[in-house]
Amino acid sequence: MFGPKASISGVGYTPLTRASGKTPLQLAVEASRAAAEDAGIELASIDGVVIYGLHDSTTAAAIATELRLLNPRWTVDLVGGGHAACAVIGHAAAAVTTGLASSVLVVRAANGRSGRRLGGVGEEVRAGGSSQYLANVGLLTYPQQMAMWARRYIEQFNPAPEAYANIAVKSRANAIKNPRAIMRTPMTMDDYFASPMVADPFRLFDICPESDGALALLVTGGDRAADLRHVPVLIEYVEHGGLSRPGADLEDFLGLEDLSRNFAGPVARQMYDRSGLSINDFDLLEIYDCFTHTVLLTLEGIGVAPLGQAAEWVCEPDTMTLGGSMPVNTHGGLLSEGYLMGLSHVAEAVLQLRGQCGERQVPNAQRALVTAGAMMQGSLAALVKG
Amino acid sequence: MEWSYGKLETPSNFVGELETDPDSAPFWEGLAVGEIRVQHCNLCGTYRFPPGPFCLNCGSGRQVYVALNSTPRLFSWIVVNRSTHEDMPAPYAVAVVEYEEGVRLPGALRVHADVRKLDIGMPVKITIETGRRPFIAVHVGEGEECNLSSADRQYPRM
């Protein structure tokens, strides 16, 4: 698809916190400067900015203004949640491979914990669209909605409760080796089962913590990447899509054919058909994990396990772990690193493929699959070491 | 799942800002007079909920609102143990039910005394209760409402 023509050349983080004390724009600028510095590119020469969010962030033009970009000719504001995290990389890659821009910052910035919380705790609720029907009986938040998916799946396939515990515990074990992670206290299986039920079947540890912070990735055309500081990570394939009924909004799940499959199946098929890749071609997986249950659905969709059987896979001792047969969420995922709406999964894959992950480095990592999204729509990215 | 919660809260319903739009108005008007009205396509006969401007099967805009009258079944449910809004004190339960017409709706779940175990596919009874807006209540079992707090019941597996 993009082959060697587009790569991710810069990664810039702010710290992840529970209260940044900064505006989303300040956070976005801080992360963007760090990404340009990491790439070794002159900041003012960057000519594209893509930002996504759910009305909780800043704008591409505002970032371009504060960064004093000389010629911001391709600025995009995309309304989207976690499902967009790989798609935005695709938009940037499309821009640099077609000449719409030469280098593009892809940004996620928000005060997800101290500002507007996606978990919906303690905020004024305005429920329109599909959520008016849900809110009327107290189905108010994403954890509550996804718990409805999970209960249906649990009754259909009877996964071992230990599967959910394994996802939480193994993610935490990876996060302990990640200095960026906000959740680094060791977690045992007993700790998981002692965590309180929040939205049964979800316990507290089935749900990712919201966080404040920003992340910027710099996408450049292949002709520039060779001159930059790090080994380029090539954007091999990106796909976005999902179920044939994507829904009027993110809450429109009542009319789905089924709640046991998410976007990942159709999108992965699209990617495998177009690329010739299969699940066996990847050395590590960064799986969007707003909830533990999302990991099960997505693992089944991308072909790691058949429908209803991912629980057995995650319970195998050598899956998901660093040094195991298939590392998953090497940074701890949203569940333990913190919530940057999925762009952090892309960033972690880049750092792994560069070999910069220190004690959590996956040996000889050549190609990574990143997933973004939980429900009807989502995106995937195949990244390969250049 | 073994039913093991004690007395649940039965909040009247959510009183935050609920919006209405042209597609949803007939549904709310129906609930106010005791009917659950969903869209039905005059051309192909497909039912739709939540409502939208065109039939999702044939694309026609000739949808009318009709009252559901089949016996719904339990499709999924959750128990909210941690409140996320002051209008909805926890614990409370929410169900999604599926009608033979092929549509699913959410409702406040009321579990009655003789229920030991909830299963997907159980037939349920529907009442429409009065709140700031009328809302659907989904009843499983018979007898007094949910008073199953005995310690010998197993905590839910998940």
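First, the ground rules. The model is predicted, local features need pLDDT of at least 70, side-chain atom pairs count only at pLDDT 80 or more, and totals for chains, interfaces and linings use all residues. Residues are numbered from 1 along each chain as written, chains are lettered from A and ligands numbered from 1 in written order, and side-chain values use heavy atoms, without hydrogens and water.

Helix 13 of chain A covers residues 343-354. Helices here are DSSP runs of H or I, at least four residues, and strands are runs of E, at least two, numbered from the N terminus. The expected span is 1.5 Å times one less than the number of residues.

Is helix 13 of chain A enclosed or open? Twelve of its twelve residues are buried, so the rest of the structure largely encloses it. Buried means under 20% relative accessible area, exposed over 50%, partly exposed in between (1.4 Å probe, protein chains only). The buried set includes A:His345, A:Glu348 and A:Arg354. Just after the helix, A:Gly355 takes a positive phi of about 80 degrees.

Now strand 13 of chain A, residues 367-372. Six of six residues are buried, so this strand is also largely enclosed. A:Arg367, A:Leu369 and A:Thr371 cover one side; A:Ala368, A:Val370 and A:Ala372 the other.

Which strands pair with it? Pairing takes at least two DSSP bridges. Strand 10 of chain A runs parallel, with three bridges. Strand 14 of chain A is antiparallel, with six. A:Val370 partners both A:Glu286 and A:Ala381.
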